[in-house]
Amino acid sequence: MKCVLQRVARAEVRVAGEVVGSIESGLLALVCALEGDGGAQAVQLAEKVARYRVFEDETGRMNRSVMDIGAAVLVVSQFTLAADGRRGRRPSFDSALKPEAALPLVERFRATLEALGVSTASGRFGAYMDVELLNSGPATFVLEISGPGS
C-alpha cells in the first residue's frame with residue numbers, strides 16, 4: 001500500500017458540496033491499495049502512520065506521533081497514487097488494486113487506526129472528492145508497505 005501523509009492544521013473532504021469528513025490538527029492520509037496488497041499491509045501501514053513521528057516536541061524536533069499528541073487522521077482513498085508515467089503521455093493505473101478489493105483494505109487501514117486509539121474521519125471511497133487542507137510546515141511524507149509478492 002502507498003500513502004502520502006500531509007501534516008495539517010485542518011483538512012476536510014467534500015462530496016457534491018457536502019462535508020463528509022473533517023479534522024483539525026493531525027494528518028491527511030491519501031491511501032492507495034496496490035496489486036499484491038492484503039490485510040496485513042493495511043494493518044502494517046496504519047500502525048506505521050499512527051506511530052510516525054512528524055510532530056515537533058518542545059525542542060522543535062519531529063519526535064511526536066498522532067498517538068502522542070492525540071491528533072486525528074483524515075483518510076482519503078486515492079488510486080491515482082498508483083500512477084506510472086514512465087511511458088507515453090497518460091498515466092497507467094495498472095498497479096492499482098481493483099475497487100472491490102481496495103475498499104476493504106482502505107477501510108481496514110482506517111479501522112486499525114481507530115483500534116489504536118487514533119480518531120479518524122474519511123472521504124467516500126470511489127466518489128469524486130474535493131479535499132481542502134492547510135498543510136502545516138509544509139510537511140509531506142510518502143510511505144509504502146509492499147505486498148507479499150512485491
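Predicted model: local features only at pLDDT ≥ 70, side-chain atom pairs only at ≥ 80, totals over all residues.
Proline 138 is placed in strand 8.

## Nonpolar cores

The largest nonpolar core is made up of 29 residues, and Val49, Phe109 and Leu113 have the most contacts inside it. In soluble globular proteins, nonpolar side chains tend to be buried together.

Which residues does leucine 113 touch, leaving aside its neighbours within four places in sequence? Leucine 113 is in contact with Ala46, Val49, Ala50, Val73, Val75, Val118 and Thr120.

## Helix 1

Helix 1 has 13 residues, which should span 18 Å at 1.5 Å a residue; the end C-alpha atoms are 19 Å apart, in agreement with that value. Its buried residues are Gly39, Gln41, Ala42, Leu45, Ala46, Val49 and Ala50. Around the axis they cover an arc of only 165°, so they sit on the same side of helix 1.

The buried residues of helix 1 pack against strand 1, strand 3, helix 2 (66–69), helix 3 and strand 8.

## Helix 3

From its first C-alpha to its last, helix 3 reaches 24 Å with 17 residues, close to the 24 Å expected at 1.5 Å a residue. Ala102, Leu105, Val106, Phe109, Arg110, Thr112 and Leu113 are buried in this helix. Seen down the axis, these residues fall within an arc of 160° and therefore line one face of helix 3. The face turned away from the buried side carries Glu100 and Ala115, which are exposed.

The partners against which the buried residues of helix 3 pack are strand 3, helix 1, strand 6 and strand 7 (119–122). After helix 3 comes glycine 117, with a positive phi near 95°.

## Threonine 120

Threonine 120 belongs to strand 7. Is this residue buried or exposed? Threonine 120 has a relative accessible area of 16% and counts as buried, the cut-off being under 20%. Leaving aside neighbours within four places in sequence, threonine 120 is in contact with Val73, Arg110, Leu113 and Glu114.

Serine 22 and threonine 120 are 98 residues apart in sequence, while their C-alpha atoms are 8.8 Å apart in space.

## Alanine 16

The loop between strand 1 and strand 2 (18–23) contains alanine 16. Its phi is near 50°, a positive value in a residue other than glycine. Alanine 16 is exposed, and its relative accessible area is 82%.

## The largest pocket

The volume of the largest pocket is about 400 Å³. Its lining consists of 21 residues, and Ser77, Gln78, Phe79, Thr80 and Gly126 lie nearest the centre. Strand 3, strand 6 and helix 3 are the elements that give two or more residues to this lining. Helix 3 gives the most, with 3 residues.

Methods: Residues numbered from 1 in each chain as written. Heavy atoms only, no water. Core = buried A, V, L, I, M, F, W, Y, C linked by side-chain atoms within 4.5 Å. Buried < 20%, exposed > 50% of the residue type's maximum accessible area, 1.4 Å probe, protein only. Contact = heavy atoms within 4.5 Å. Helix = DSSP H or I, 4+ residues; strand = E, 2+ residues; numbered from the N terminus. Expected span 1.5 Å × (residues − 1). Arc of directions from axis to C-beta. 1 Å grid on protein atoms, 1.4 Å probe; cavity = no way out; pocket = protein on both sides within 12 Å on 5 of 7 lines; lining within 4 Å. Points joined across faces, edges and corners; volume = space filled by probe spheres on them.
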